[in-house]
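Hi,

Here is the structure I promised to pass on. Could you have a look at it before we talk?

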Amino acid sequence: MKKLLLVLSLALTLVCDSVWAFAPAKAIDALGLGQHIAGLDISVYQHPGEAAIDFKKMYSSGIRFVIIKGGDTFDRYDAQAMKYFLPDRKAAQAAKLYTSFYYYATLPDSTDQNVVIQDAQAQAQKIIWRIASLGGYGKRDMPVALDMENNCVRVNQNGSCAKYTTKEVISLWTQTWLDTVYNKTHHKPFLYSYVNFLENNLIRSTALRQYPLWLAHYNLSPAVATNQPNSKKVGCYAHAWANADCTANWQIWQYSSCGIASKYGVPSNHVDLNVFNGSSSAFVKLLKGVWTPEVTDMLPINEPTNMNIVSQSAATTNDPVTISVDVFRPDNSPVVTGTVAFTPASSGMIPGKQDPVRTSSGRWNLSITGLTAGTYLGTIDFTDQSGTEAPVQMPVTFVVTQGVPPAPSPTPSPSPRPKPSPVDTCIGQVRY
């Protein structure tokens, strides 16, 4: 009798183990439109008034993966993303959702290939550190995504774009970033973009096509089997992921930015809707293996830095003082985080209005306006609010001469402006 019970116990154990081995694939239900695995992507905009997201409701609504904004080139937006990324990831995984995160990239204002490559490697390192800070890739982590949709590298004071970069620069930067992250983590990151950007701003490269595509294309529904997120009214978009039959080799399709957020436990008005292209077993392949970081992969804390003032120009009271600054890590690679500012030597000396413009990783052009005539003594200070890099400073002196005061212009009479009609940005999109 004891032998029989032992045999039955062993058999039950084998059956349970077998069921558990296949559980992840069976648990990923295809409950989205067109019988696809459904997903959402979220950012700070899904937390109006710092309201929390109900990820359990999200799961019960049929969603099985969520992609969270988890990084940005600029420190202020990066910190904003991190405020919600860590708690959202933890809560989502606790609710049995699979998670990924995306990094919004801004490219360097340079056409020098070495600068472009160095900048891409530096920004990739930022994401490698971030994955490492989470303990690496876990069982519920999908690969990270690069959000590549911005080709503006210089901005006017009114916020409009002053300079767009070239297709060659965008392609080189993108390829370098993807390769750097993949070579370290052994998981191919996604590339997120929209069809027009892919066609007009990336070369048709077989090397780029090796990376999975997260494609944004609205005004089509995945519920219709014949709909393909690569079609135009006439023909289709031509890019690295386009196929000979006009379809696209996509892995995730962001088909709407107008999902009914409350339906998914999200407190904002709208939320982005996505579907996965493939079966449960194909989805599980994304999760195969884990990456456990070594000590050297971890984010530095207060790492020593070096500064170099590349150039500086004096100015009149009508023009800005411009100072170009490089900041390096101990291995002479550029810092990824932080910013620079001018600090006057005397508290009675006005600092002026300062605008540090990042031109590439570790390089800033600091513009200072609003200064009166005189000689200015002080320091250029590098600080990093994330605590990754140590502060560093260098002495600086510059002279501002009196400019010609501008002639007064007549004050125009105000004219009444008609109130603009509200625009429905969701016209033609799936609202589900």
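M58 is in contact with L40, I53, I63, V66, L97, Y264 and V266, leaving aside its neighbours within four places in sequence; contact here means heavy atoms within 4.5 Å. M58 also turns up among the residues with the most contacts inside the largest nonpolar core, together with L146, M148, W173 and W177. That core has 62 residues, and its largest share, 7 residues, comes from helix α4 (residues 113-133). Apart from it lies another core, of 21 residues, with V321, V325, V396 and V400 among them. For the record, a nonpolar core is a set of buried Ala, Val, Leu, Ile, Met, Phe, Trp, Tyr and Cys residues joined through side-chain atoms within 4.5 Å. Buried means under 20% relative accessible area, exposed over 50%, and partly exposed in between, with a 1.4 Å probe and protein chains only. Helices (H or I, at least four residues) and strands (E, at least two) are DSSP runs, numbered from the N terminus.

Before you load anything: this is a predicted model, where local features need pLDDT of at least 70 and side-chain atom pairs count only at pLDDT 80 or more, while totals for chains, interfaces and linings use all residues. Residues are numbered from 1 along each chain as its sequence is written, and side-chain values use heavy atoms, with hydrogens and water left out.

Next, the disulfides. A search of the whole structure finds 3 of them, a disulfide being a pair of cysteine sulfur atoms within 2.5 Å. Numbering the bonded cysteines in sequence order gives the pairing 1-2, 3-4, 5-6. Going through them:

- C152 is joined to C161, S to S 2.2 Å. The link is right-handed, with 110 degrees about the S-S bond. C152 counts as buried at 11% relative accessibility, whereas C161 is partly exposed at 22%.
- C236 and C246 have their sulfur atoms 2.1 Å apart, and their link is left-handed, with -75 degrees about the S-S bond. Both cysteines lie in the loop between β8 (213-216) and β9 (252-260), so the pair ties together parts that are 10 residues apart in sequence. C236 is partly exposed at 21% relative accessibility, and C246 is partly exposed too, with 31%.
- C258 and C426 have their sulfur atoms 1.9 Å apart. The torsion about their S-S bond is about -90 degrees, so this disulfide is left-handed. C258 lies in strand β9 and C426 in the segment after β18 (392-401), so the pair ties together parts that are 168 residues apart in sequence. Both C258 and C426 are buried.

On a 1 Å grid over the protein atoms alone, a cavity is a set of points where a 1.4 Å probe fits but cannot get out, and lining residues have an atom within 4 Å of a point. The lining consists of F85, R89, T99, S100, F101, I131, L134, G136, Y137, D141 and M142. Two elements give two or more residues to it, α3 (75-94) and β3 (98-104), and β3 gives the most, with 3 residues. The lining divides into 6 nonpolar, 3 polar and 2 charged residues. In that count, Ala, Val, Leu, Ile, Met, Phe, Trp, Tyr, Cys and Pro are nonpolar, Asp, Glu, Lys and Arg are charged, and the others, Gly among them, are polar.

S360 lies in strand β15 (residues 353-360) and is buried, with a relative accessible area of 10%. Leaving aside its neighbours within four places in sequence, S360 is in contact with P108, V115 and D119. The C-alpha atoms of S360 and A122 are separated by 9.5 Å, with the two residues 238 apart along the chain.

On the backbone side, Q35 has a positive phi of about 60 degrees although it is not a glycine. Q35 sits in the loop between α1 (2-27) and β1 (37-42) and is exposed, at 69% relative accessible area. N332 also has a positive phi, about 70 degrees, and is not a glycine either. N332 lies in the loop between β13 (321-328) and β14 (339-344) and is exposed, with a relative accessible area of 53%.

Cheers

Methods:
On a 1 Å grid over the protein atoms alone, a cavity is a set of points where a 1.4 Å probe fits but cannot get out, and a pocket is an open set with protein on both sides within 12 Å along at least five of seven lines; lining residues have an atom within 4 Å of a point.
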